[in-house]
Amino acid sequence: MPADDHLRRFFEEHSSAAEPTDEQREGARRDLFAAMRSEPAVARPWWRRTAVSWSAAAAVVVAAFVTFVVVVPTSTRAVDANLAEVAAVARTVDPVDLPVGAYVYYRIESTIQVNNELSPGVPVSYLLPAREDFWVSGMSELRERTVMAPTFASAADEEAYYASGLPGSEGVGETRSLSVDAIPNEASLDGLSTDPARLWDQVIEELTVDDEFTEDNEARILEHVAQLMSPRLNAPPAMRGALLEVLGRLDVSTARTPSGGVTLLLSYEDDFGAFEQTLEIDGEGYLVRELLVLTDTFGPDQAPTGLLHDIRYSRPAVVAELGVMPTP
């Protein structure tokens, strides 16, 4: 008789009592131990032996203290309904397969807050927009980056910036190419499970390489999952669905977009300040935007609040050669 059957029979016989008597407690113990002794002594794997002994112990504890309902706590977090719905759709989308010799192409359009020094002790802060086109195959990459004119909080900062050497070093108004043949990806999908529960454990395991990481650091989890959803990695449909469900286990607020996608917002604080991080996912589970805003600063270094970065991603596409744009 399996251990769960012992527990079930106990509830059927004793659940009507508002408060178990000493005789009921002792009877439950006798029934349980007698049933366990009557089972054949069959060797079980260690995980089965552990499960049986736990159930037996639980039955005795229940007999002593519980009468009507048993609530078994679980470490599994609930998944946000909006993200679960988009995850289900994502799993049905045709994959973007990469033939041998082909490249994944994608574009990033970004606006980043830059804090720099015009000269020692003379800071300047500005928003720097850029467009980057990527062609990626394994550890090889071609990147074309075009930097547009920054925007400033004041005319004085703008004038001082253009009088410095920063525009030239940052390539403002230029398109620059960079080709690298041996750069590993910052993140990898290799070995990751498409089962959301197992994937959650793998993400936590990866992040705990850093001794300072704790599982309640949801900003780190979100950042890592966003890296895995980058178009560079071209996550297949089942993986996108699992990654979305991992995001759905975080303490985020979500809203559906008119196009059928979803936005999620995570608010958090660290020693530096208070932040709001937003991810936008399209209706087929692709990451299309990351937004990070500093809402308050703590400590002696009062950095400007407001936008830290706004990054928009195209979907991954397959092209046959470097430098070739995908067909519209």
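Helices, counted as DSSP runs of H or I with at least four residues, and strands, counted as runs of E with at least two, are numbered from the N terminus. The model discussed here is predicted.

**Overall make-up**

On that basis, the secondary structure of the chain consists of nine helices and eleven strands. The chain has 328 residues, and 40% of them are buried. Its accessible surface is about 18,400 Å², with carbon and sulfur atoms contributing 54%. Among contacts in the chain with a separation of 6 or more, 59% link residues 24 or more positions apart.

| Residue | Loop between | Relative accessibility |
|---|---|---|
| Asp94 | α4 (81–90) and β1 (103–119) | 63% |
| Asn234 | α8 (218–228) and α9 (237–247) | 13% |

Asp94 counts as exposed because its relative accessibility of 63% is over the 50% cut-off. Asn234, in contrast, counts as buried, because its 13% is under the 20% cut-off. The backbone of Asn234 has a further feature: its phi is near 50°, a positive value in a residue other than glycine.

How far apart in space are Asp94 and Pro236? Their C-alpha atoms are 8.4 Å apart, although 142 residues separate Asp94 from Pro236 in sequence.

Note on methods: Residues numbered from 1 in each chain as written. Predicted model: local features only at pLDDT ≥ 70, side-chain atom pairs only at ≥ 80, totals over all residues. Heavy atoms only, no water. Buried < 20%, exposed > 50% of the residue type's maximum accessible area, 1.4 Å probe, protein only. Contact = heavy atoms within 4.5 Å. Areas by Shrake-Rupley, 256 points an atom, 1.4 Å probe, with all protein chains shown as cover.
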